[in-house]
Amino acid sequence: MPVAQGARASHNLEAWQDPKARPIVQIENVTKAFGPHYAVDGISLDVYQGEFFSLLGASGCGKTTLLRMLAGLEAPDAGRIIIDGTDSTLIPPYRRPVNMMFQSYALFPHMTVEQNIAFGLKQEGASKAQIKERVGEMLRLVRLEPYAKRRPHQLSGGQRQRVALARSLAKHPRLLLLDEPLGALDKKLREHTQFELVNIQEQLGTTFIMVTHDQEEAMTMSTRIAVMDEGRILQVGSPSTIYEYPATRYVADFIGSVNLFDGRVTGSADGLLFIHCDEVGANMAIAHGEPLTAGTPVSVALRPEKMVVSDVKPDKDANVLRGIVSEIAYLGDVSIYHVELPNKTLVHVQLTNLARLTSSPLTWEQDVWLTWEPENGVVLQS
Amino acid sequence: MVRGWRSFVLFSVLAFGYAFLYVPIFSLIVYSFNESRLVTVWAGFSTKWYGALLENDQILSAAWLSLKIAVMNATGAVILGTLAGLVLARFGRFRARTAFTTLITAPLVMPEVITGLSLLMLFVAMQNLIGWPEARGMTTITIAHLTFSMAYVTVVIQSRLSQMDVSIEEAALDLGARPAKVFFVITVPVIAPALVAGWLLAFTLSLDDLVIASFVSGPGASTLPMVVYSSVRLGVSPQINALATIIVCIVTVAIVVAGFIMHRQEKQRLNA
């Protein structure tokens, strides 16, 4: 899976690595239950000024509940939420320096685009001139000047999405919450809007917290991602950390595609762990920071693009799997091969189509060997 | 041949259907211009019953009373029904919610005779205990109508509220509007069509009601249906036909105008 970093590379936004940085949002041990079901189960998290932070997880993992608690639309059962240094756990939504962009956009149907954007400013008691100026500014930001007098039902989906964004940004919030902001757009528009949203965020410097179930969206847009499952955070990190060094099997499997092999540690030396996988009958040597005692059960995660396929037997005895090609999917830029091991396990391998080929170098039912370097695998204990 | 026969059958069914609906109303209108004072015998064209109607104080004051009661009832029912609908649609599960729902919707299924009788007994008991209401009349009829028309309005408004996207209200809260302001600036405009529909429904129910009004009315406070009903028992006067014709005309004009306005709005919406 490609990790787009272009949008982020030019900025040093790694505030979470700066010991002097003060988080703008501190979530401390927040818990929320609906009946017997814990939607959010003891989450602690710090988000820093200027970040584009994503809460990523499958539906029902508690990410939206957490976002709604930040907005003040739900009250936590336990724990504290500190926004910009103020304990905001019990502050009602209309007194928080936080605005939210809703998944359904929630535009006021009986108001024009202009009135929608002005609504928040009116509540603050801003003067007519101030409101007019700010609304004009927002309309320019989202390029909707010609549509100022239209009603929401006269706009396309993409235009509504931009009105919702302009409305939530009009009050200069310290923190903007986005609930699946691109969920209702079609694929082409979504890709375009991803970059537009990142540009607006960098231009304004506002801290964004986004909820999404789309891992590609989270990878493209975020400075950091928190992967959630069953009300807990499994891992927090930059897109590349989450992809290259997943902390658990769930994270490895959720982000991109991965081949997982169960095995036991047989020994360690020079920063390498030696693992024997009974299931596929192979020995593996994987780079791992800390040595583990022999016999520890572990999983080895291998990304499809980090393996090499060859039709001649390689000259090593670890990190080698033998199988036959069972499926070939040609995707243009890359090809995906399904390689079937002797025990019927399918391994996915991805090769970049470097040369312009009319036929694949590998063919169905061909005997192949898969190999990889020790640095390309990840050892997972949970 | 078969085809012609079929279309003949279809046309007859249609004609009979319309005749069943509209011939009674049409004959009522025709006989309002009857010269004779017998409703069933045609004796030439005349508008004299319209003149007589305008001089009949009993019918005119009854019509005026009915209108006043209907307007007060409809307005009160919309206010109370909105509050009840809001509680049912927005406040989730609270203690005694089931009991509340049952009490709100009970008047929908209660026979009118029982509602009327029980309210009469209540008003009599209250008069004896606290001296209010002093006499039965417009006040008691309005209260009685409120008790049952509020139930209908609640159902209409509750269903509109539960269809409404709650995140619209949440967005207004999030943008800094306090809950009361959100209700008046966002919720009320969004559910306005349901409020209008509820008001018209309550207005019609009240204007229509004979049974409950007969129970809780007192001397000197006869609503239009009561006057019509009692005069029919003494022999129908063509004045009633004339009154009915006027009401039918007003309703027809109102429906045509409302339909025209709605059609134009729909067209504007589609063209925009």
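**Figure 1. Contact between chain B and chain A.** In this predicted model, 16 residues of chain B are in contact with 18 residues of chain A, where two residues count as being in contact if their C-beta atoms, placed from the backbone, lie within 7 Å. On the side of chain B that touches chain A, helix H7 (166–174) and helix H8 (179–190) of chain B each supply at least two residues, and H7(B) gives the largest share, seven residues. Helices (H or I, at least four residues) and strands (E, at least two) are DSSP runs, numbered from the N terminus. By class, this side of chain B divides into 10 nonpolar, two polar and four charged residues; Ala, Val, Leu, Ile, Met, Phe, Trp, Tyr, Cys and Pro count as nonpolar, Asp, Glu, Lys and Arg as charged, and the others, Gly among them, as polar. Residues are numbered from 1 along each chain as its sequence is written, while chains are lettered from A and ligands numbered from 1 in the order in which they are written. Because this is a predicted model, local features need pLDDT of at least 70 and side-chain atom pairs count only at pLDDT 80 or more, whereas totals for chains, interfaces and linings use all residues.

**Figure 2. Overall form of chain B.** Chain B has 12 helices and zero strands. Its C-alpha atoms fill a box of roughly 70 × 70 × 35 Å, taken along the principal axes. The radius of gyration of chain B is 24 Å, whereas a compact globule of 272 residues would have one near 19 Å; this radius is taken over C-alpha atoms, and the globule rule is 2.2 Å times the number of residues to the power 0.38.

**Figure 3. Helix H3 of chain B beside helix H9 of chain B.** Helix H3 (residues 57–90) and helix H9 (residues 192–208) of chain B pack at an angle of about 140 degrees, with their axes 8 Å apart. Axes are lines fitted to C-alpha atoms, for helices over the stretch in contact, and angles run from 0 to 180 degrees between N-to-C directions. H3(B) and H9(B) are therefore oblique to each other, since angles under 35 degrees count as roughly parallel, over 145 as roughly antiparallel, 65 to 115 as roughly perpendicular and the rest as oblique. Among the residues that meet here are Ala70(B) and Ala74(B) in H3(B), and Trp199(B) and Phe203(B) in H9(B). The residues of this contact divide into 11 nonpolar, six polar and no charged.

**Figure 4. Helix H3 of chain B beside helix H6 of chain B.** The axes of H3(B) and helix H6 (residues 138–163) of chain B come within 5 Å and cross at roughly 40 degrees, and the two helices are therefore oblique to each other. The contact of H3(B) with H6(B) comprises 17 nonpolar, 11 polar and two charged residues.

**Figure 5. Two backbone details.** Most residues other than glycine have a negative phi, and most peptide bonds are trans. In chain B, the peptide bond from Trp132(B) to Pro133(B) is cis, with omega near 0 degrees, and Pro133(B) lies in the loop between helix H5 (112–130) and H6 of chain B. In chain A, His172(A) has a positive phi of about 50 degrees although it is not a glycine, and its place is in the loop between helix H5 (157–169) and strand S7 (175–179) of chain A.
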